[in-house]
Amino acid sequence: MTSTFPNISISTERLVLRALDEDDVTALSEMMNDEQIAAWTDVPQPFTEAGARTWIDEYAPAERAAGRGLDLAVTEFLTQRLVGIIQLTRTNWHVRSTELSYIVAPWARGEGYASEAALATARWLFREQKFERIELRTAADNTASQQVAQKIGCISEGVLRNACIAHARTEDGTWTDVRTDFIVWSLLPEDLEGGAGQLADSTGFTSFSDWN
């Protein structure tokens, strides 16, 4: 039984999800320096092009090779511009479960890209990789991320109290850690048979293996 994700590309009507590559270095570093991304993720600040190159050349390939997860660039189909990232982490191949997270560039927010990319990934995981559970964790105050989880059909399972470290600006402009709660969400194959499944089908998602 496979214990690593294939090198794949997933297409929707508006988006292409693919492996990160060298051409993404500048756009990735610019995106990761956004205030909202800095507040809700653990990416180093400031995020440099050297950091982006390390992510693309070392971290992402190592995570995939070890079977721990998968990092996908989310790009616009027409412009090929980087609009975000989909990450799969904490993958358990025996249980067939993984944790999904999403990051969207500030200029691309409000377009439904996060939910479209997350749904496409979920459909691929359930239908082609035979996964049985996808988990999402959102910070208690990150309402935008919670709205994406709800939109794709996730069920809220409860709260992990004081389990999340977010970040806030101090008076001198630096970042400080702020503890908060995690809301845990889950998505199962049967959940896609409802409204989320109809949304996924209506956008014409397709996926194919990249053998290069």
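**Close-up views of a predicted model**

**View 1. Helix H5 and the residue that follows.** Helix H5 is followed by glycine 153, which has a positive phi, near 100 degrees. Helices (H or I, at least four residues) and strands (E, at least two) are DSSP runs, numbered from the N terminus. This is a predicted model, in which local features need pLDDT of at least 70 and side-chain atom pairs pLDDT 80 or more, while totals for chains, interfaces and linings use all residues. Residues are numbered from 1 along each chain as its sequence is written, and side-chain values use heavy atoms, without hydrogens or water. H5 spans residues 143-151, and its buried residues are Ser145, Gln146, Val148 and Ala149 (buried, under 20% relative accessible area; exposed, over 50%; partly exposed, in between; 1.4 Å probe, protein chains only). These residues lie on the same side of H5, because their arc around the axis is only 155 degrees (directions from the helix axis to the C-beta atoms). They pack against strand E5 (97-104), helix H4 (113-127), strand E6 (133-139) and strand E8 (175-187).

**View 2. Serine 145 within H5.** Serine 145 belongs to helix H5 and is buried, with a relative accessible area of 12%. Apart from neighbours within four places in sequence, serine 145 is in contact with Tyr102 and Thr138 (heavy atoms within 4.5 Å).

View 3. In H1, the buried residues are Val25, Leu28, Ser29, Met31 and Met32. Seen down the axis of H1, they fall within an arc of 165 degrees and so line one face of the helix. Their cover includes helix H2 (35-40), H3, E4 and E5. The axes of H1 (residues 25-32) and H3 (residues 49-65) come within 8 Å and cross at roughly 115 degrees (lines fitted to C-alpha atoms over the stretch in contact; angles from 0 to 180 degrees between N-to-C directions). H1 is therefore roughly perpendicular to H3 (65 to 115 degrees). Val25, Thr26, Leu28, Ser29 and Met32 of H1 make the contact with Glu49, Ala52, Arg53, Trp55 and Ile56 of H3.

View 4. Proline 46 is located in the loop between H2 and H3.

**View 5. Threonine 89 and arginine 90 in strand E4****.** Strand E4 (residues 82-92) contains threonine 89, which counts as buried at 17% relative accessibility. Setting aside neighbours within four places in sequence, threonine 89 is in contact with Arg68, Gly69, Thr98 and Glu99. Arginine 90 is also placed in strand E4, but counts as exposed at 60% relative accessibility. Although arginine 90 is not a glycine, its phi is positive, at about 50 degrees.

**View 6. Aspartate 181 and asparagine 162****.** Aspartate 181 is part of strand E8 and is partly exposed, with a relative accessible area of 26%. In sequence, aspartate 181 and alanine 140 are 41 residues apart, yet their C-alpha atoms are 5.3 Å apart in space. Beyond neighbours within four places in sequence, aspartate 181 is in contact with Thr138, Ala139, Ala140, Val159, Leu160, Arg161, Asn162, Ala163 and Cys164. Of these, asparagine 162 is in strand E7 (residues 155-169) and counts as partly exposed at 42% relative accessibility. Asparagine 162 is not a glycine, although its phi is positive, at about 60 degrees.

How values were computed:
Parallel < 35°, antiparallel > 145°, perpendicular 65-115°, else oblique.
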